[in-house]
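Biologist: Could you walk me through this model, and tell me how you know each thing you say?

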Amino acid sequence: MMKNNSYTLGIAGALALATVAATAQDSDPVFRANETQLDIFGTVSVGQETLDNISSDRIEDNGRLGLGLGVNHFFTKYLGIGADAYTEDENHSFVDNASANLILRIPIDKLHLAPYIYGGG
């Protein structure tokens, strides 16, 4: 049986569909404890042969589009957990990949920015 080597490129900006709904004022913190987020994202997978001889025609002919969903929950301002799943194959399995992560968030409230560190599988 031939092993299928494919690489998944996650679309970099996961689109946040829902976050904690609150009217934020300047004094309200941007990053909160007990915050839940829902995400939707897209993927594109191509085989090793396509990557070795990359062209737009090969990607159009051999690329597989996928759709994924995720949920994250932060217990504190800094620590949370998340789970993601995606599918590319509409004919066989409903979920092609699922993962869970422990998430460390480092909020910089003044800039409304937070780098994240993920660990899991």
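Modeller: Gladly! Eight bridges link strand 4 (residues 64–74) with strand 5 (residues 79–87), and the two run antiparallel. This is a predicted model, in which local features need pLDDT of at least 70, side-chain atom pairs count only at pLDDT 80 or more, and totals for chains, interfaces and linings use all residues. Residues are numbered from 1 along each chain as its sequence is written, and side-chain values use heavy atoms, leaving out hydrogens and water.

Biologist: What makes strand 4 and strand 5 a pair?

Modeller: Two strands (DSSP runs of E, at least two residues, numbered from the N terminus) pair if DSSP finds at least two bridges between them. Strand 4 and strand 5 have eight, so they pair. One example is N72, whose bridge partner in strand 5 is G82. A hairpin of four residues connects strand 4 to strand 5.

Biologist: How do you know that strand 5 pairs with strand 6?

Modeller: Eight bridges join strand 5 to strand 6 (residues 97–105), again antiparallel. There, G80 stands opposite I103.

Biologist: Why is A33 called partly exposed?

Modeller: Buried means under 20% relative accessible area and exposed over 50%, with partly exposed in between (1.4 Å probe, protein chains only). A33 has 38%, so it is partly exposed. A33 lies in the loop between strand 2 (15–18) and strand 3 (35–47).

Biologist: What is A33 in contact with, leaving aside its neighbours within four places in sequence?

Modeller: Contact means heavy atoms within 4.5 Å, and A33 has such contacts with F74, F75, T76 and K77.
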